[in-house]
Amino acid sequence: MPPSTAPEPPAAAPMSPMRLRYGPRYRWLLLLSVMVGTMASIMSSTVVNVAIPDLSRHFGLGQERAQWVSSGFMVAMTASMLTTPWLLARFGYRRTYVGTMVLLLAGGLLGGLADLFPLVLAARVMEGLAAGVVQPIPAIIILRAFEPHEQGRASGFFGMGVVLAPAVGPSIGGVLVDLAGWRSIFFMVVPFCLAAFWLAWKFVPSTAPGGAQAGRSHALDWRGLLIGTAGTLCLLNGLVELRGDAPSQAALLLVLAGAALAAFVWWERRLAARGGEPLMDMRLFGHRQFAMGTVVAFIYGTALFGSTYLLPVFMQVALHLSASHVGTIMLPAGIVLAFTIAGVGRLADRHPTWLLVSTGLLLLAASFALMPTLSLAGPLWLLTLYAVVGRIGLGFILPSLNIGSMRPLPKAMIPQGASAISFLRQLGGSAGVSLCAVVLEWRLAAHGDSLAQLQSSPARLAAFDEVFLILAGLCGLALLAALQLRERQHRGAI
(Lines give C-alpha, C1' and ligand atoms only; values in the text may rest on other atoms or scores of the structure.)
Protein backbone atom coordinates (compact mmCIF):
# COMPACT_ATOMS: atom_id res chain seq x y z
CA MET A 1 0.00 0.00 0.00
CA PRO A 2 1.42 3.44 -0.90
CA PRO A 3 2.49 5.51 2.07
CA SER A 4 -0.12 8.20 1.33
CA THR A 5 -2.96 5.68 1.59
CA ALA A 6 -1.78 3.94 4.77
CA PRO A 7 -4.39 3.98 7.53
CA GLU A 8 -3.87 6.70 10.07
CA PRO A 9 -5.42 6.78 13.52
CA PRO A 10 -8.05 9.44 14.06
CA ALA A 11 -6.67 12.74 15.27
CA ALA A 12 -8.08 12.93 18.77
CA ALA A 13 -5.90 15.81 19.92
CA PRO A 14 -8.19 18.67 18.81
CA MET A 15 -11.05 17.30 20.87
CA SER A 16 -9.27 15.73 23.88
CA PRO A 17 -10.54 18.19 26.56
CA MET A 18 -14.08 17.91 25.20
CA ARG A 19 -13.88 14.13 25.04
CA LEU A 20 -12.84 13.99 28.68
CA ARG A 21 -15.99 15.92 29.52
CA TYR A 22 -18.53 14.26 27.20
CA GLY A 23 -16.98 10.86 26.45
CA PRO A 24 -17.27 8.89 23.18
CA ARG A 25 -20.49 10.65 22.20
CA TYR A 26 -18.59 13.93 21.89
CA ARG A 27 -17.75 13.49 18.21
CA TRP A 28 -21.47 13.15 17.43
CA LEU A 29 -22.26 16.28 19.45
CA LEU A 30 -19.58 18.15 17.52
CA LEU A 31 -20.99 16.93 14.21
CA LEU A 32 -24.49 17.99 15.28
CA SER A 33 -23.19 21.44 16.20
CA VAL A 34 -21.68 22.16 12.79
CA MET A 35 -24.66 20.49 11.10
CA VAL A 36 -26.99 23.21 12.38
CA GLY A 37 -24.92 25.99 10.83
CA THR A 38 -24.52 24.10 7.58
CA MET A 39 -28.29 23.56 7.47
CA ALA A 40 -28.76 27.32 7.76
CA SER A 41 -26.26 28.05 4.99
CA ILE A 42 -27.77 25.50 2.58
CA MET A 43 -31.28 26.69 3.36
CA SER A 44 -30.26 30.25 2.53
CA SER A 45 -28.93 28.94 -0.78
CA THR A 46 -32.03 27.03 -1.90
CA VAL A 47 -35.11 28.57 -0.31
CA VAL A 48 -34.72 31.94 -2.06
CA ASN A 49 -35.43 30.30 -5.43
CA VAL A 50 -39.09 29.97 -4.44
CA ALA A 51 -39.28 33.76 -4.04
CA ILE A 52 -37.45 34.81 -7.22
CA PRO A 53 -40.63 35.47 -9.27
CA ASP A 54 -42.15 37.65 -6.48
CA LEU A 55 -38.85 39.42 -5.92
CA SER A 56 -38.52 40.07 -9.67
CA ARG A 57 -42.00 41.63 -9.80
CA HIS A 58 -41.35 43.76 -6.70
CA PHE A 59 -38.17 45.32 -8.10
CA GLY A 60 -39.15 45.15 -11.80
CA LEU A 61 -36.25 42.88 -12.68
CA GLY A 62 -35.67 41.03 -15.91
CA GLN A 63 -34.57 37.42 -15.94
CA GLU A 64 -30.90 38.42 -16.38
CA ARG A 65 -30.79 40.51 -13.19
CA ALA A 66 -33.06 38.24 -11.18
CA GLN A 67 -30.82 35.19 -11.66
CA TRP A 68 -27.99 37.08 -9.94
CA VAL A 69 -29.90 36.59 -6.69
CA SER A 70 -28.87 32.94 -7.04
CA SER A 71 -25.62 33.22 -8.98
CA GLY A 72 -24.30 36.11 -6.82
CA PHE A 73 -24.68 33.84 -3.80
CA MET A 74 -22.90 31.06 -5.69
CA VAL A 75 -19.96 33.27 -6.72
CA ALA A 76 -19.40 34.42 -3.13
CA MET A 77 -19.75 30.89 -1.76
CA THR A 78 -17.38 29.44 -4.36
CA ALA A 79 -14.62 31.95 -3.70
CA SER A 80 -14.85 31.86 0.09
CA MET A 81 -14.52 28.07 0.21
CA LEU A 82 -10.86 28.43 -0.69
CA THR A 83 -10.23 30.34 2.54
CA THR A 84 -11.56 27.67 4.95
CA PRO A 85 -8.22 25.87 5.63
CA TRP A 86 -6.45 29.18 6.31
CA LEU A 87 -9.24 30.47 8.56
CA LEU A 88 -9.27 27.26 10.59
CA ALA A 89 -5.49 27.40 11.03
CA ARG A 90 -5.53 31.10 11.89
CA PHE A 91 -8.62 31.34 14.13
CA GLY A 92 -9.51 27.75 15.03
CA TYR A 93 -12.77 25.87 14.67
CA ARG A 94 -14.90 27.87 17.11
CA ARG A 95 -14.08 31.43 16.06
CA THR A 96 -14.29 30.54 12.37
CA TYR A 97 -17.64 28.84 12.81
CA VAL A 98 -19.15 31.57 14.97
CA GLY A 99 -17.87 34.26 12.59
CA THR A 100 -19.63 32.64 9.65
CA MET A 101 -22.87 32.45 11.62
CA VAL A 102 -22.65 36.16 12.49
CA LEU A 103 -22.19 36.99 8.80
CA LEU A 104 -25.05 34.69 7.77
CA LEU A 105 -27.35 36.23 10.38
CA ALA A 106 -26.43 39.76 9.24
CA GLY A 107 -27.12 38.85 5.62
CA GLY A 108 -30.53 37.41 6.49
CA LEU A 109 -31.55 40.51 8.43
CA LEU A 110 -30.27 42.89 5.76
CA GLY A 111 -32.04 41.02 2.96
CA GLY A 112 -35.33 40.91 4.83
CA LEU A 113 -35.28 44.63 5.64
CA ALA A 114 -33.82 45.97 2.36
CA ASP A 115 -35.82 48.37 0.16
CA LEU A 116 -33.34 48.44 -2.72
CA PHE A 117 -32.29 45.55 -4.93
CA PRO A 118 -28.53 46.29 -4.56
CA LEU A 119 -28.96 45.77 -0.80
CA VAL A 120 -30.73 42.47 -1.41
CA LEU A 121 -27.88 41.42 -3.67
CA ALA A 122 -25.32 42.51 -1.04
CA ALA A 123 -27.19 40.44 1.55
CA ARG A 124 -27.03 37.41 -0.74
CA VAL A 125 -23.29 37.92 -1.19
CA MET A 126 -22.83 38.07 2.59
CA GLU A 127 -24.80 34.86 3.00
CA GLY A 128 -22.76 33.24 0.23
CA LEU A 129 -19.46 34.18 1.87
CA ALA A 130 -20.60 32.60 5.14
CA ALA A 131 -21.94 29.47 3.44
CA GLY A 132 -18.71 28.95 1.52
CA VAL A 133 -16.53 29.02 4.62
CA VAL A 134 -18.72 26.74 6.74
CA GLN A 135 -19.54 23.99 4.24
CA PRO A 136 -16.13 22.22 4.06
CA ILE A 137 -15.87 22.05 7.87
CA PRO A 138 -18.11 18.98 8.46
CA ALA A 139 -16.14 16.83 6.00
CA ILE A 140 -12.93 17.79 7.82
CA ILE A 141 -14.44 16.77 11.15
CA ILE A 142 -15.83 13.48 9.82
CA LEU A 143 -12.49 12.42 8.34
CA ARG A 144 -10.46 13.48 11.39
CA ALA A 145 -12.70 12.61 14.34
CA PHE A 146 -14.30 9.34 13.18
CA GLU A 147 -12.77 5.93 12.53
CA PRO A 148 -12.71 4.86 8.85
CA HIS A 149 -15.44 2.28 9.42
CA GLU A 150 -17.67 5.00 10.98
CA GLN A 151 -17.15 7.73 8.40
CA GLY A 152 -19.91 6.61 6.05
CA ARG A 153 -22.42 6.38 8.92
CA ALA A 154 -21.37 9.82 10.18
CA SER A 155 -21.66 11.24 6.67
CA GLY A 156 -25.12 9.71 6.33
CA PHE A 157 -26.25 11.13 9.67
CA PHE A 158 -24.91 14.56 8.78
CA GLY A 159 -26.35 14.46 5.25
CA MET A 160 -29.78 13.41 6.49
CA GLY A 161 -30.00 16.36 8.85
CA VAL A 162 -28.60 18.83 6.34
CA VAL A 163 -31.02 17.95 3.53
CA LEU A 164 -34.10 17.46 5.71
CA ALA A 165 -34.27 21.13 6.72
CA PRO A 166 -33.88 22.44 3.13
CA ALA A 167 -36.46 19.86 2.07
CA VAL A 168 -38.97 21.34 4.48
CA GLY A 169 -37.61 24.86 3.89
CA PRO A 170 -39.06 25.43 0.39
CA SER A 171 -42.48 24.26 1.59
CA ILE A 172 -42.39 26.66 4.54
CA GLY A 173 -40.81 29.32 2.36
CA GLY A 174 -43.50 28.93 -0.30
CA VAL A 175 -46.25 29.39 2.29
CA LEU A 176 -44.41 32.41 3.76
CA VAL A 177 -44.02 33.99 0.33
CA ASP A 178 -47.75 33.58 -0.36
CA LEU A 179 -48.75 34.91 3.08
CA ALA A 180 -46.07 37.49 3.94
CA GLY A 181 -44.12 38.19 0.74
CA TRP A 182 -40.57 37.48 -0.36
CA ARG A 183 -38.94 39.27 2.59
CA SER A 184 -39.99 36.56 5.01
CA ILE A 185 -37.71 33.92 3.48
CA PHE A 186 -34.59 35.88 4.49
CA PHE A 187 -35.56 35.60 8.17
CA MET A 188 -35.69 31.79 8.08
CA VAL A 189 -31.97 31.53 8.93
CA VAL A 190 -32.29 33.51 12.18
CA PRO A 191 -33.31 30.66 14.56
CA PHE A 192 -30.68 28.33 13.06
CA CYS A 193 -27.94 30.93 13.57
CA LEU A 194 -28.96 31.50 17.18
CA ALA A 195 -28.94 27.75 17.86
CA ALA A 196 -25.52 27.49 16.19
CA PHE A 197 -24.10 30.14 18.55
CA TRP A 198 -25.16 28.14 21.62
CA LEU A 199 -23.91 24.80 20.26
CA ALA A 200 -20.57 26.31 19.21
CA TRP A 201 -19.98 27.65 22.70
CA LYS A 202 -20.59 24.22 24.25
CA PHE A 203 -19.13 21.72 21.79
CA VAL A 204 -16.90 23.28 19.10
CA PRO A 205 -13.19 23.34 20.08
CA SER A 206 -11.11 26.48 19.84
CA THR A 207 -8.10 24.67 18.35
CA ALA A 208 -7.15 24.31 14.70
CA PRO A 209 -7.35 20.96 12.81
CA GLY A 210 -4.85 18.45 14.14
CA GLY A 211 -4.96 19.96 17.63
CA ALA A 212 -2.58 22.79 16.73
CA GLN A 213 -2.92 26.08 18.49
CA ALA A 214 -4.90 28.55 16.39
CA GLY A 215 -2.95 31.50 15.02
CA ARG A 216 0.04 29.58 13.67
CA SER A 217 -0.35 29.93 9.92
CA HIS A 218 1.13 31.66 6.91
CA ALA A 219 -0.38 34.83 5.52
CA LEU A 220 -3.55 34.38 3.48
CA ASP A 221 -2.87 33.80 -0.21
CA TRP A 222 -4.60 36.98 -1.37
CA ARG A 223 -3.23 36.74 -4.89
CA GLY A 224 -4.62 33.28 -5.38
CA LEU A 225 -7.97 34.36 -3.91
CA LEU A 226 -8.18 37.39 -6.21
CA ILE A 227 -7.25 35.33 -9.28
CA GLY A 228 -9.80 32.65 -8.40
CA THR A 229 -12.56 35.19 -7.75
CA ALA A 230 -11.79 37.11 -10.95
CA GLY A 231 -11.83 33.90 -12.97
CA THR A 232 -15.19 32.88 -11.49
CA LEU A 233 -16.71 36.29 -12.25
CA CYS A 234 -15.39 36.22 -15.82
CA LEU A 235 -16.81 32.73 -16.32
CA LEU A 236 -20.29 33.61 -15.06
CA ASN A 237 -20.47 36.98 -16.80
CA GLY A 238 -19.24 35.37 -20.00
CA LEU A 239 -22.06 32.83 -19.80
CA VAL A 240 -24.57 35.61 -19.17
CA GLU A 241 -23.27 37.64 -22.15
CA LEU A 242 -23.77 34.66 -24.44
CA ARG A 243 -27.46 35.52 -24.61
CA GLY A 244 -26.84 39.19 -25.36
CA ASP A 245 -26.00 41.03 -28.55
CA ALA A 246 -22.25 41.16 -27.90
CA PRO A 247 -20.75 37.73 -28.69
CA SER A 248 -17.25 39.22 -28.84
CA GLN A 249 -17.59 40.45 -25.25
CA ALA A 250 -18.79 37.03 -24.13
CA ALA A 251 -15.87 35.36 -25.90
CA LEU A 252 -13.41 37.78 -24.27
CA LEU A 253 -14.77 37.07 -20.79
CA LEU A 254 -14.60 33.31 -21.32
CA VAL A 255 -11.02 33.60 -22.59
CA LEU A 256 -10.15 35.66 -19.51
CA ALA A 257 -11.72 32.94 -17.34
CA GLY A 258 -9.47 30.35 -19.00
CA ALA A 259 -6.45 32.60 -18.53
CA ALA A 260 -7.34 33.07 -14.85
CA LEU A 261 -7.51 29.30 -14.41
CA ALA A 262 -4.04 28.90 -15.90
CA ALA A 263 -2.70 31.76 -13.78
CA PHE A 264 -4.27 30.29 -10.64
CA VAL A 265 -2.65 26.87 -11.18
CA TRP A 266 0.73 28.49 -11.94
CA TRP A 267 0.61 30.75 -8.88
CA GLU A 268 -0.47 27.99 -6.49
CA ARG A 269 2.36 25.74 -7.68
CA ARG A 270 4.87 28.55 -7.39
CA LEU A 271 3.74 29.53 -3.89
CA ALA A 272 3.97 25.92 -2.69
CA ALA A 273 7.45 25.56 -4.18
CA ARG A 274 8.56 28.67 -2.25
CA GLY A 275 7.34 27.21 1.04
CA GLY A 276 4.14 29.24 1.24
CA GLU A 277 0.63 28.05 1.99
CA PRO A 278 -1.46 27.99 -1.22
CA LEU A 279 -5.23 28.20 -1.20
CA MET A 280 -5.34 24.96 -3.18
CA ASP A 281 -2.44 22.53 -2.93
CA MET A 282 -2.00 21.05 -6.42
CA ARG A 283 -0.42 17.93 -4.95
CA LEU A 284 -3.96 16.86 -4.08
CA PHE A 285 -4.54 15.98 -7.72
CA GLY A 286 -1.65 13.52 -7.65
CA HIS A 287 -4.08 11.19 -5.85
CA ARG A 288 -6.05 9.61 -8.67
CA GLN A 289 -9.15 8.82 -6.66
CA PHE A 290 -9.34 12.40 -5.44
CA ALA A 291 -8.70 13.81 -8.92
CA MET A 292 -11.48 11.74 -10.51
CA GLY A 293 -13.77 12.65 -7.62
CA THR A 294 -13.29 16.34 -8.35
CA VAL A 295 -14.20 15.80 -12.02
CA VAL A 296 -17.43 14.11 -10.94
CA ALA A 297 -18.07 16.83 -8.35
CA PHE A 298 -17.68 19.65 -10.91
CA ILE A 299 -20.03 18.15 -13.49
CA TYR A 300 -22.47 16.96 -10.85
CA GLY A 301 -22.50 20.45 -9.30
CA THR A 302 -23.38 21.97 -12.67
CA ALA A 303 -26.39 19.68 -13.07
CA LEU A 304 -27.48 19.85 -9.42
CA PHE A 305 -27.42 23.61 -8.90
CA GLY A 306 -28.66 24.30 -12.40
CA SER A 307 -31.72 22.17 -11.72
CA THR A 308 -32.19 23.73 -8.26
CA TYR A 309 -32.59 27.06 -10.05
CA LEU A 310 -34.59 25.67 -12.98
CA LEU A 311 -37.21 23.50 -11.24
CA PRO A 312 -38.97 26.26 -9.23
CA VAL A 313 -38.94 28.56 -12.29
CA PHE A 314 -40.38 25.75 -14.45
CA MET A 315 -43.19 25.01 -12.02
CA GLN A 316 -44.14 28.67 -11.54
CA VAL A 317 -43.81 30.18 -15.01
CA ALA A 318 -44.43 27.13 -17.21
CA LEU A 319 -46.99 25.21 -15.11
CA HIS A 320 -48.35 28.33 -13.31
CA LEU A 321 -48.13 26.84 -9.83
CA SER A 322 -48.02 29.06 -6.76
CA ALA A 323 -44.95 29.29 -4.56
CA SER A 324 -46.65 27.21 -1.86
CA HIS A 325 -47.52 24.52 -4.44
CA VAL A 326 -43.89 24.41 -5.54
CA GLY A 327 -42.75 23.82 -1.98
CA THR A 328 -45.40 21.16 -1.41
CA ILE A 329 -44.41 19.25 -4.56
CA MET A 330 -40.73 19.30 -3.57
CA LEU A 331 -41.38 18.26 0.05
CA PRO A 332 -41.79 14.48 -0.51
CA ALA A 333 -38.65 14.43 -2.65
CA GLY A 334 -36.68 16.17 0.09
CA ILE A 335 -37.86 13.78 2.78
CA VAL A 336 -37.00 10.78 0.57
CA LEU A 337 -33.57 12.32 -0.03
CA ALA A 338 -32.92 12.62 3.71
CA PHE A 339 -33.71 8.99 4.43
CA THR A 340 -31.84 7.78 1.33
CA ILE A 341 -28.70 9.55 2.52
CA ALA A 342 -28.99 7.93 5.94
CA GLY A 343 -29.17 4.46 4.37
CA VAL A 344 -26.51 5.01 1.74
CA GLY A 345 -24.16 6.43 4.37
CA ARG A 346 -23.93 2.96 5.90
CA LEU A 347 -23.40 1.41 2.46
CA ALA A 348 -20.50 3.81 1.84
CA ASP A 349 -18.49 2.02 4.55
CA ARG A 350 -18.80 -1.32 2.72
CA HIS A 351 -19.25 -0.66 -1.02
CA PRO A 352 -16.95 1.06 -3.57
CA THR A 353 -17.47 4.73 -4.26
CA TRP A 354 -17.82 4.29 -8.03
CA LEU A 355 -20.83 1.96 -7.64
CA LEU A 356 -22.81 4.27 -5.36
CA VAL A 357 -21.96 7.41 -7.33
CA SER A 358 -22.75 5.77 -10.69
CA THR A 359 -26.12 4.54 -9.40
CA GLY A 360 -26.95 8.03 -8.20
CA LEU A 361 -25.96 9.67 -11.47
CA LEU A 362 -28.09 7.23 -13.47
CA LEU A 363 -31.15 8.03 -11.34
CA LEU A 364 -30.49 11.77 -11.51
CA ALA A 365 -30.12 11.64 -15.30
CA ALA A 366 -33.35 9.61 -15.55
CA SER A 367 -35.28 12.21 -13.55
CA PHE A 368 -34.17 14.96 -15.96
CA ALA A 369 -34.82 12.84 -19.05
CA LEU A 370 -38.38 12.10 -17.90
CA MET A 371 -39.35 15.77 -17.49
CA PRO A 372 -40.30 16.21 -21.20
CA THR A 373 -43.14 13.72 -20.68
CA LEU A 374 -44.98 16.30 -18.53
CA SER A 375 -47.72 18.48 -19.99
CA LEU A 376 -49.97 21.32 -18.82
CA ALA A 377 -52.83 18.87 -18.39
CA GLY A 378 -50.72 16.16 -16.78
CA PRO A 379 -51.10 15.02 -13.16
CA LEU A 380 -48.93 16.73 -10.55
CA TRP A 381 -48.12 13.41 -8.87
CA LEU A 382 -46.03 12.55 -11.92
CA LEU A 383 -43.89 15.66 -11.40
CA THR A 384 -43.52 14.70 -7.75
CA LEU A 385 -42.46 11.18 -8.75
CA TYR A 386 -39.77 12.46 -11.11
CA ALA A 387 -38.47 14.78 -8.39
CA VAL A 388 -38.34 11.82 -5.97
CA VAL A 389 -36.32 9.75 -8.48
CA GLY A 390 -33.80 12.56 -8.82
CA ARG A 391 -33.49 13.02 -5.08
CA ILE A 392 -32.90 9.30 -4.57
CA GLY A 393 -30.04 9.69 -7.03
CA LEU A 394 -28.65 12.58 -5.00
CA GLY A 395 -28.94 10.41 -1.90
CA PHE A 396 -26.56 7.90 -3.46
CA ILE A 397 -24.03 10.57 -4.45
CA LEU A 398 -23.87 12.96 -1.52
CA PRO A 399 -22.58 10.78 1.36
CA SER A 400 -20.17 8.72 -0.76
CA LEU A 401 -18.44 11.12 -3.17
CA ASN A 402 -16.57 13.33 -0.69
CA ILE A 403 -15.66 10.54 1.73
CA GLY A 404 -14.56 8.15 -1.02
CA SER A 405 -12.54 10.83 -2.82
CA MET A 406 -10.68 12.04 0.28
CA ARG A 407 -9.95 8.78 2.06
CA PRO A 408 -6.60 8.32 0.23
CA LEU A 409 -5.37 11.73 1.42
CA PRO A 410 -2.96 12.11 4.36
CA LYS A 411 -4.77 13.63 7.33
CA ALA A 412 -2.70 16.79 7.11
CA MET A 413 -4.14 17.41 3.62
CA ILE A 414 -7.79 16.79 4.54
CA PRO A 415 -8.67 20.49 5.14
CA GLN A 416 -7.20 21.36 1.74
CA GLY A 417 -8.96 18.41 0.12
CA ALA A 418 -12.35 19.32 1.61
CA SER A 419 -11.91 22.92 0.50
CA ALA A 420 -10.79 21.98 -3.03
CA ILE A 421 -13.56 19.47 -3.78
CA SER A 422 -16.18 21.85 -2.35
CA PHE A 423 -14.76 24.70 -4.43
CA LEU A 424 -14.88 22.72 -7.67
CA ARG A 425 -18.39 21.43 -6.96
CA GLN A 426 -19.60 24.97 -6.27
CA LEU A 427 -17.77 26.35 -9.30
CA GLY A 428 -19.70 23.85 -11.39
CA GLY A 429 -22.85 24.85 -9.54
CA SER A 430 -22.28 28.56 -10.14
CA ALA A 431 -21.77 27.87 -13.83
CA GLY A 432 -24.84 25.62 -13.83
CA VAL A 433 -27.16 28.37 -12.58
CA SER A 434 -25.95 30.79 -15.25
CA LEU A 435 -25.88 28.08 -17.92
CA CYS A 436 -29.50 27.11 -17.27
CA ALA A 437 -30.62 30.75 -17.40
CA VAL A 438 -28.67 31.34 -20.63
CA VAL A 439 -29.84 28.20 -22.40
CA LEU A 440 -33.43 28.72 -21.26
CA GLU A 441 -33.60 32.22 -22.76
CA TRP A 442 -31.91 30.97 -25.94
CA ARG A 443 -34.39 28.12 -26.39
CA LEU A 444 -37.36 30.34 -25.53
CA ALA A 445 -36.27 32.79 -28.20
CA ALA A 446 -35.80 29.95 -30.67
CA HIS A 447 -39.39 28.81 -30.00
CA GLY A 448 -40.79 32.34 -30.20
CA ASP A 449 -41.66 32.63 -26.53
CA SER A 450 -40.35 34.47 -23.46
CA LEU A 451 -40.85 34.37 -19.71
CA ALA A 452 -42.44 37.83 -19.92
CA GLN A 453 -45.54 36.41 -21.59
CA LEU A 454 -48.36 35.71 -19.17
CA GLN A 455 -49.73 32.55 -20.73
CA SER A 456 -47.82 29.30 -20.97
CA SER A 457 -47.61 27.50 -24.28
CA PRO A 458 -46.31 24.28 -25.85
CA ALA A 459 -43.34 26.31 -27.12
CA ARG A 460 -42.42 27.34 -23.58
CA LEU A 461 -42.67 23.75 -22.36
CA ALA A 462 -40.50 22.61 -25.26
CA ALA A 463 -37.81 25.13 -24.28
CA PHE A 464 -37.78 23.88 -20.68
CA ASP A 465 -37.72 20.27 -21.90
CA GLU A 466 -34.58 20.92 -23.93
CA VAL A 467 -32.80 22.39 -20.91
CA PHE A 468 -33.74 19.36 -18.81
CA LEU A 469 -32.32 17.07 -21.50
CA ILE A 470 -29.06 19.02 -21.44
CA LEU A 471 -28.87 18.44 -17.68
CA ALA A 472 -29.43 14.72 -18.27
CA GLY A 473 -26.52 14.79 -20.72
CA LEU A 474 -24.29 16.45 -18.12
CA CYS A 475 -25.10 13.65 -15.69
CA GLY A 476 -24.04 11.21 -18.41
CA LEU A 477 -20.65 12.94 -18.63
CA ALA A 478 -20.25 12.71 -14.85
CA LEU A 479 -21.11 9.01 -15.08
CA LEU A 480 -18.20 8.47 -17.49
CA ALA A 481 -15.87 10.07 -14.93
CA ALA A 482 -17.31 7.88 -12.16
CA LEU A 483 -16.64 4.75 -14.21
CA GLN A 484 -13.05 5.88 -14.67
CA LEU A 485 -12.88 6.11 -10.89
CA ARG A 486 -13.65 2.38 -10.82
CA GLU A 487 -10.56 1.52 -12.85
CA ARG A 488 -8.23 3.60 -10.67
CA GLN A 489 -9.78 3.17 -7.27
CA HIS A 490 -7.72 0.10 -6.38
CA ARG A 491 -4.38 1.61 -7.37
CA GLY A 492 -4.30 4.31 -4.77
CA ALA A 493 -2.41 7.58 -5.23
CA ILE A 494 0.32 8.15 -7.75
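Helices here are DSSP runs of H or I with at least four residues, strands are runs of E with at least two, and both are numbered from the N terminus.

A word on the model. It is predicted, so local features need pLDDT of at least 70 and side-chain atom pairs count only at pLDDT 80 or more, while totals for chains, interfaces and linings use all residues. Residues are numbered from 1 along each chain as its sequence is written, and side-chain values use heavy atoms, with hydrogens and water left out.

Overall picture next. The protein has 494 residues, and 60% of them count as buried. Buried means under 20% relative accessible area, exposed means over 50%, and partly exposed is in between, with a 1.4 Å probe and protein chains only. Now contacts, meaning heavy atoms within 4.5 Å. Of those with a separation of 6 or more, 84% join residues 24 or more positions apart.

Take helix α11, residues 222-241. For the 20 residues of α11 that gives 28 Å, and the end C-alpha atoms are 28 Å apart, so the two agree. Its buried residues include G224, G228, G231 and G238, along with L225, L236 and L239.

On to G345, in helix α14, residues 323-347. G345 counts as buried because its relative accessibility is 0%. Which residues does G345 touch, beyond its neighbours within four places in sequence? They are G152, R153, G156 and P399. The C-alpha atom of G345 also lies 6.9 Å from that of S400, 55 residues away along the chain.

Now a charged side chain. R27 sits in helix α2, residues 26-46. Is R27 buried or exposed? Buried, because its relative accessibility is 17%. The R27 side chain makes a polar contact with the side chain of E150, at 2.8 Å.

Last, the surface. L109, L113 and F187 form a nonpolar patch, with about 270 Å² of accessible area together. L113 belongs to helix α6, residues 84-113. L113 is exposed, because its relative accessible area is 61%.

Note on methods: Patch = residues over 30% accessible without salt bridge, like charges linked within 9 Å, V, L, I, M, F, W, Y side chains within 5 Å. Areas by Shrake-Rupley, 256 points an atom, 1.4 Å probe, with all protein chains shown as cover. Salt bridge = Lys/Arg side-chain N within 4 Å of Asp/Glu carboxyl O. Expected span 1.5 Å × (residues − 1). Polar contact = N/O pair within 3.5 Å; in protein donor to acceptor, adjacent residues only side chain to side chain.
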